[in-house]
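This report goes through one protein chain, from single residues to the whole fold. Look at the structure below before reading on.

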Amino acid sequence: MRRRALGWVPLAAAAVTLGFLLLPIAAIFVRTGPGALLDQLSSPVVRDAFVVTLRTSGVAQALILLLGTPTAYLLATRRFRGRPLAVVLVELPLVLPPAVAGLGLFAAFGRMGLLGSTFDAFGVSIPFTQTAVTLAVAYVASPLYIRQAITAFEAVDPDVVAASRTLGAGPARTFFRVVLPLARAGLIAGLALSFARGLGEFGATIMFAGSLQGITQTLPLAIYAEFDVDFDAALAMGGVLVGISILLLVALHVALSWRSSSTASRSLFGLSTSG
């Protein structure tokens, strides 16, 4: 009897946990019906915030992809003095409070910052612009991609890479034709995680870029601004972010399942050179 009673404890704990996680998401859509939600999405505040968010997040993800991929490949394939420190620097933004990250960006790129006078000499001002939003998003989101990319590159069989080089392929050709396809699913997963993190960025952005409608006000900042002004508009923007997050989560699971199935296929057809 006692054992049966104990068996209900995990079920009850799971029910409470899942209910707690689901309730805030459901409340966003229950409070505002589909019709009212669509009507709110046409308001200028929501439209401007949506455009700014997509524009800055898109540019930030492009920077993360272009600079983070070779960085992750270097850290995954080379062992050199100072590598542990480099990995710590990559992971540091993950544990920094977002407000501190924004403060640091302002201290580095602000007019009175470390590089501010240099940019000012060329007539370039970064704070409180969309460039500042992009830098803030890239700073807080890039570790999620780079860390996942390191793991993906480390999972590539070095014997396959060596075989490609033996067959006459150069480093660049081997990277683009062999390494990238094998690590592709992990890279997609990392990009989805970093994109989701960038969409929800608040602290670093408001410290470094402010919250100017149509210029630097992203969806999270617009939600905060509209919370006391138009709660329905805030709910509508929250619903947009929930929808995007669900799509990213589905893409992440598809990418991970695709990586598992492709690994199994390589084993089945004897394409793995290990062993």
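## Glycine 190

Glycine 190 lies in helix H9. This is a predicted model, and every value here is computed from it. Glycine 190 has a relative accessible area of 0%. Buried means under 20%, so glycine 190 counts as buried.

Which residues does glycine 190 touch, apart from those up to four places away in sequence? They are Leu144, Tyr145 and Gln148.

## The chain as a whole

The chain has 12 helices and 0 strands. Read from the N terminus, its elements therefore give α-α-α-α-α-α-α-α-α-α-α-α. Of its 275 residues, 36% count as buried.

Contacts can also be sorted by how far apart the partners are in sequence. Taking contacts between residues at least 6 apart, 73% join residues that are at least 24 apart.

## Helices H4 and H7

Two packed helices are described by the angle between their axes and the distance between the axes. For helix H4 (residues 83–95) and helix H7 (residues 130–154), the axes come within 6 Å and cross at roughly 135°. H4 and H7 are therefore oblique to each other. Their crossing is left-handed.

On the H4 side, the residues that meet H7 are Arg83, Val87, Val90, Glu91, Pro93 and Leu94. On the H7 side, they are Tyr139, Pro143, Leu144, Ile146, Arg147 and Glu154. Sorted by class, this contact has 8 nonpolar and 4 charged residues, with no polar ones.

In soluble globular proteins, nonpolar side chains tend to be buried together. In this model the largest nonpolar core has 32 residues, and Phe153 and Leu187 have the most contacts inside it. The elements that give two or more residues to this core are helix H3 (44–77), H4, helix H5 (98–109), H7, helix H9 (171–199) and helix H10 (203–208).

Leaving aside neighbours within four places in sequence, phenylalanine 153 is in contact with Thr69, Ala72, Tyr73, Ala76, Phe175, Val179, Leu180, Ala183 and Leu187. A second, separate core has 13 residues, including Val45, Leu199, Leu219 and Ile244.

## Threonine 134

Threonine 134 is found in helix H7. Is threonine 134 buried or exposed? Its relative accessible area is 9%, so it counts as buried. Beyond its neighbours within four places in sequence, threonine 134 is in contact with Thr56, Val59, Ala60 and Leu63.

## Phenylalanine 128

Most residues other than glycine have a negative phi. Phenylalanine 128 is not a glycine, yet its phi is positive, at about 65°. Where is phenylalanine 128 placed? Its place is in the loop between helix H6 (116–121) and H7. With a relative accessible area of 42%, phenylalanine 128 is partly exposed.

Note on methods
Residues numbered from 1 in each chain as written. Predicted model: local features only at pLDDT ≥ 70, side-chain atom pairs only at ≥ 80, totals over all residues. Heavy atoms only, no water. Axes fitted to C-alpha atoms, helices over the stretch in contact; angles between N-to-C directions. Helix = DSSP H or I, 4+ residues; strand = E, 2+ residues; numbered from the N terminus. Parallel < 35°, antiparallel > 145°, perpendicular 65-115°, else oblique. Left-handed = near helix turned anticlockwise from the far one by under 90°. Contact = heavy atoms within 4.5 Å. Nonpolar A, V, L, I, M, F, W, Y, C, P; charged D, E, K, R; others polar. Core = buried A, V, L, I, M, F, W, Y, C linked by side-chain atoms within 4.5 Å. Buried < 20%, exposed > 50% of the residue type's maximum accessible area, 1.4 Å probe, protein only.
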